[in-house]
Amino acid sequence: MTPTPAAVPFPDRPTVTGLAGHTTDWGRTEYVAAWHRQDELVARRIAAEIGDTLVFTEHEPVYTLGVRAGAARHLLWNEAELARRGIAVVATNRGGDITYHGPGQIVGYPIVDLSPRRDLHAYLRFLEQVLINAVGSLGLAAGRRAGQTGIWLGSRKLAAIGVAVKRWVTLHGFALNVNNDLAPFGGIVPCGITDGTVTSLRQELGRECDPAEVKSVLAAAFWDEWRKFIETANAR
């Protein structure tokens, strides 16, 4: 069943394209259903029926495999263990390796038009900056790690990023570990990385985080950085 997006009280922020940026929250979703819904929004964005959109969701437990060669080898648990733990496995069309999504993790899916700035590497750095700014507002000084995507606290990965584009409209996005159980990351080699660990806001801050607050901070950081991202393209 395709999830129906529910409006949330985040302010829409205009972009310099003239189309209003919109934030919406789908609540808890099955991964494949949410992926289909993203495809619908991408088609509508390509047709200019909607403006740039940021979707938030939390997924039911799932391992997702990106298109990187060898990603499937980084799944460590067998079918019996996956069934016991109730974790699905889905091969996707996003970039990157294997990762985990589950309740308590905030996933962000930007459906935005990169036509004014056709630079996927710059877009990945943009998403990293959004996350760095957002968690900075929450009290953590995260950063980048050479040769890797996502954001980090030293060798501890706090958020993963994997994207795809269709006619320069984006789908997939980022996953920020907030209050989620980190044990399922033990069933994979997360993002194919063998010299680091995975962490969460709850683990680093020593307290449960308010998901509504985190989403509000993420939305504000996203649209503020998006304006700068597009303005840089227009200035060239």
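## Largest cavity

In this predicted model, the lining of the largest cavity consists of 9 nonpolar, 3 polar and 1 charged residues. The lining comprises 13 residues, and those nearest the centre of the cavity are Thr-99, Lys-157, Ala-160, Asn-177 and Phe-185. The space inside amounts to about 70 Å³. With the threshold set at 30 Å³ or more, the count of cavities is 1.

Three strands each contribute at least two residues to this lining: S7 (98-101), S10 (156-166) and S11 (169-177). Strand S10 provides the largest share, with 4 residues.

## Largest pocket

The largest pocket holds about 350 Å³ of space. Its lining is made up of 28 residues, with Arg-94, Gly-95, Gly-96, Ile-161 and Gly-162 lying nearest the centre. By class, the lining of this pocket divides into 13 nonpolar, 11 polar and 4 charged residues.

Several elements each supply at least two residues of the pocket lining, namely S7, strand S8 (105-111), helix H3 (120-137), S10 and S11. The largest share, 5 residues, again comes from S10.

## Elements at both sites

Strands S7, S10 and S11 each give at least two residues to the lining of the cavity, and each of these strands also gives at least two to the lining of the pocket. Strand S10 supplies the largest share of the cavity lining and likewise the largest share of the pocket lining.

Definitions and conventions
Residues numbered from 1 in each chain as written. Predicted model: local features only at pLDDT ≥ 70, side-chain atom pairs only at ≥ 80, totals over all residues. Heavy atoms only, no water. 1 Å grid on protein atoms, 1.4 Å probe; cavity = no way out; pocket = protein on both sides within 12 Å on 5 of 7 lines; lining within 4 Å. Points joined across faces, edges and corners; volume = space filled by probe spheres on them. Nonpolar A, V, L, I, M, F, W, Y, C, P; charged D, E, K, R; others polar.
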